[in-house]
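The entries below follow the order in which I looked things up.

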Amino acid sequence: MVNGQVEHYLGMFLARDYGVETYANWAGSRLSTSLEPRDFRGMDASNAAQHAIDEAERLAETAVLDAIEENLPDEEDEKDWNWEALAKFSNVRWGTNFRDRDLKKAGRDGVYDVLVEKGREVITSVDLSEGGRFLDSYFGVRVSCNWLKDKFGLDIPFEEVKELESDDLIKLACQRARDAYEEKECEYPVMAGLYRYTKRVAGGHGKIDRDQLVEWAATRFRTKLDLEDIKSMQREDIREVLLKQSVANQKVADEAVDDVLGKVAEFFGDAEEGKTVRAIGNGESLTRWLQNKYEIELPTEDLLPLTRDEVDLRFRNVVEDRYRPEIRRMERDLLLQIVDSAWKDHLLAMDYLRSAVGMRGYAQEDPKVEYKREGMRQYDGMWRSIGERVTDLVFRMEQLDEDFVGSTWVETSARHDQAASASEIAKQQEAAIDASRGGSEKVEPIRNRGQRVGRNDPCPCGSGKKYKKCCMGKDRGAA
């Protein structure tokens, strides 16, 4: 998601016409008109401003003519002319204060000059000098640096990257964002641990249970922490001590991931792509090695149908859960909540689209084709918004609610439970459903215990007709 965000937005900011498009949109909004971005290519601030004003005046004249023709048509009686709508047109577009009787005084022949003159007066009073920054050849680079700072907290000096090619800048940004993410991986367990072992006191900031915190840190980071060393420390000082241990544990985790991926590569060797563990061997050597070296249990039979990529992912996940359990659980919970909410919103939007897309037929467009096209655009937008929200929260995890952080807490112990089988999960789900119904009483399914009447059997009402031609529809409607 991080890479996707960087590539999408920096690709947009560093595009050739991003600066002139931004200028055209900005100047157009100030002048209440629509401007063509390509017209501003190669222009400096002064020439661009003059061109924008000239174009706005020209378009204003056309707009006034169109408004007069629409609201004061020659072929209609004067009493049907809509002077009020014409005044509203000018007031909305240029912020004038015309009333319908003001325009009536000028008459149809003179109202054009009145509206155009007022429009020009407003247009020429607009100051476009601030827009010069959009036409700077380095504008996209500056925006990229600012976006990276706001999004990921990255301080990338403009002078350091202004001469880089777009692809090189994107590659650099992805690497810096990855480094920042790894810092968050180190910080999160420390934050979660401090939350977990802080006792809330009314009117205070809370008291840290140093005994339990030391015990947890020794198990979590596999290092010794002397209680006497932190007894007199403040919260921030304790955080720094724990952060150093977390950084050391991060390196161990990275080495473990590389180790297990190397073991998988060794197992598969030069096997063709798509080969499963069963086709290579029984997989017992992999699970035994994982148990002996990392005390992680995996059922051998679960690996047999997996390909190399799938085994890579499975092994990476179990090692990540072993060394970085808190942040992985946080990410899963966060992602699931956001996906759930976004998917509901998307389904609602698709319902609205289904209701409205039929109108496209009046524009000589196929509603089915438009529904597919617009639906896919909204679907892609949904996933992009999910990426934005997830990365926003992960990189601002200090803003996460303390209760949410607590819900991602993982008790650290030497026990490694075997994953539940599908049947066990089904039983757990059934038990949860029963519990949610308020008790263990078994709910009997609804059954039709009467004699079943076939579609072509005589109707029980005695009409002499077949059941399907007589009472079947009524009976099923009642059911």
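I took contact to mean heavy atoms within 4.5 Å. Helices are DSSP runs of H or I of at least four residues, numbered from the N terminus.

**Entry 1: conventions.** I noted that the model is predicted, that local features need pLDDT of at least 70, that side-chain atom pairs count only at pLDDT 80 or more, and that totals for chains, interfaces and linings use all residues. Residues are numbered from 1 along each chain as its sequence is written, and side-chain values use heavy atoms, with hydrogens and water left out.

**Entry 2: confidence.** I looked up pLDDT, the predictor's confidence in each residue from 0 to 100. The chain averages 86, and 88% of the residues score at least 70. Residues 412–423 fall below 50, and this stretch has 9 contacts in the model beyond near neighbours in sequence. Residues 435–448 are also below 50, with 2 such contacts.

**Entry 3: H2 and H6.** I fitted axes as lines to C-alpha atoms, for helices over the stretch in contact, with angles from 0 to 180 degrees between N-to-C directions. Helix H2 (residues 18–31) packs on helix H6 (residues 139–152) at about 85 degrees, with the axes 8 Å apart. The two are therefore roughly perpendicular (angles under 35 degrees count as roughly parallel, over 145 as roughly antiparallel, 65 to 115 as roughly perpendicular and the rest as oblique). Tyr-18, Gly-19 and Thr-22 of H2 meet Phe-139, Gly-140 and Val-143 of H6. By class, this contact has 3 nonpolar, 3 polar and no charged residues (Ala, Val, Leu, Ile, Met, Phe, Trp, Tyr, Cys and Pro count as nonpolar, Asp, Glu, Lys and Arg as charged, and the others, Gly among them, as polar).

**Entry 4: H3 and H5.** Helix H3 (residues 45–71) and helix H5 (residues 100–124) pack at about 150 degrees, their axes 9 Å apart. H3 is thus roughly antiparallel to H5. Residues of H3 in the contact include Ile-53, Ala-56 and Glu-57, and those of H5 include Arg-108 and Val-111. I recorded 11 nonpolar, 1 polar and 5 charged residues in the contact of H3 with H5.

**Entry 5: H11 and H13.** Helix H11 (residues 235–268) and helix H13 (residues 284–294) pack at about 160 degrees, with axes 11 Å apart. They are therefore roughly antiparallel. Gly-269 follows H11 with a positive phi near 55 degrees.
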